[in-house]
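Colleague: I have not looked at this one before. Can you walk me through it?

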Amino acid sequence: EKSFILPIKNFVNESYCRDISSKVRSHQRIKREKGEFIGAYAPYGYCKDPDGNLIIEPKEAAVVRRIFEAYLGGMGSYTIAQSLQKEGIPTSRKSNGWQEGTVKEILKNPVYEGDLLLQKTCTTEGIPFRTKRNHGELPQYLIRDNHEPIISREEAEAVRKLCTYRKE
């Protein structure tokens, strides 16, 4: 009797898991299309309100402005990271100290000019699940003027040009 019931239970449980997974993905897609931030952590310089909106965090936003000003002033991302590290300025919850890559991510992220780029990464199918950069496998959502910007569009454009010129 047990050998007959067990495969049926496994089938029902697997079907339930697939159904829930489908519903979660659908709900996340709807939130992305609405322009809601669905990440676990808000980007450095912002915090999330209960509705999922991004709100400027004043102390961190000052550091972000400083990073952009320093880069536009001629400092490289490595030098900026070293300077912030020496001063003991805390980083985001998900990074260990200031690194060149952390500064580059801040400089290139459109979130600081008020735009929200969603689905920058995607999860591979199968087990183990792996997160990787989304290089066109799935559509990305760019929502312009989604939240209050920390820097102006002009500053962001100037940094993008410098990044291209400096090959960063």
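Modeller: I8 sits in helix α1, residues 2-34 (helices are DSSP runs of H or I, at least four residues, numbered from the N terminus). This is a predicted model, where local features need pLDDT of at least 70, side-chain atom pairs count only at pLDDT 80 or more, and totals for chains, interfaces and linings use all residues. Residues are numbered from 1 along each chain as its sequence is written, and side-chain values use heavy atoms, leaving out hydrogens and water.

Colleague: Is I8 buried, exposed or partly exposed, and what is its relative accessible area?

Modeller: Partly exposed, at 43%; buried means under 20%, exposed over 50%, and partly exposed in between, with a 1.4 Å probe and protein chains only.

Colleague: Switching to α3, which residues are buried there?

Modeller: In α3, residues 77-86, the buried ones are S77, I80, A81 and L84. They lie on the same side of α3, because they cover an arc of only 100 degrees around the axis, taken from the directions from the helix axis to the C-beta atoms.

Colleague: Why would spaced residues point the same way?

Modeller: An α-helix has 3.6 residues a turn, so residues three or four places apart point the same way.

Colleague: What do the buried residues of α3 pack against?

Modeller: Against α2 (58-72) and α4 (100-108); contact means heavy atoms within 4.5 Å.

Colleague: And what does I67 touch?

Modeller: Not counting residues up to four places away in sequence, I67 touches I80, L84, W98, V103, I106 and L107.

Note on methods:
Helix = DSSP H or I, 4+ residues; strand = E, 2+ residues; numbered from the N terminus.
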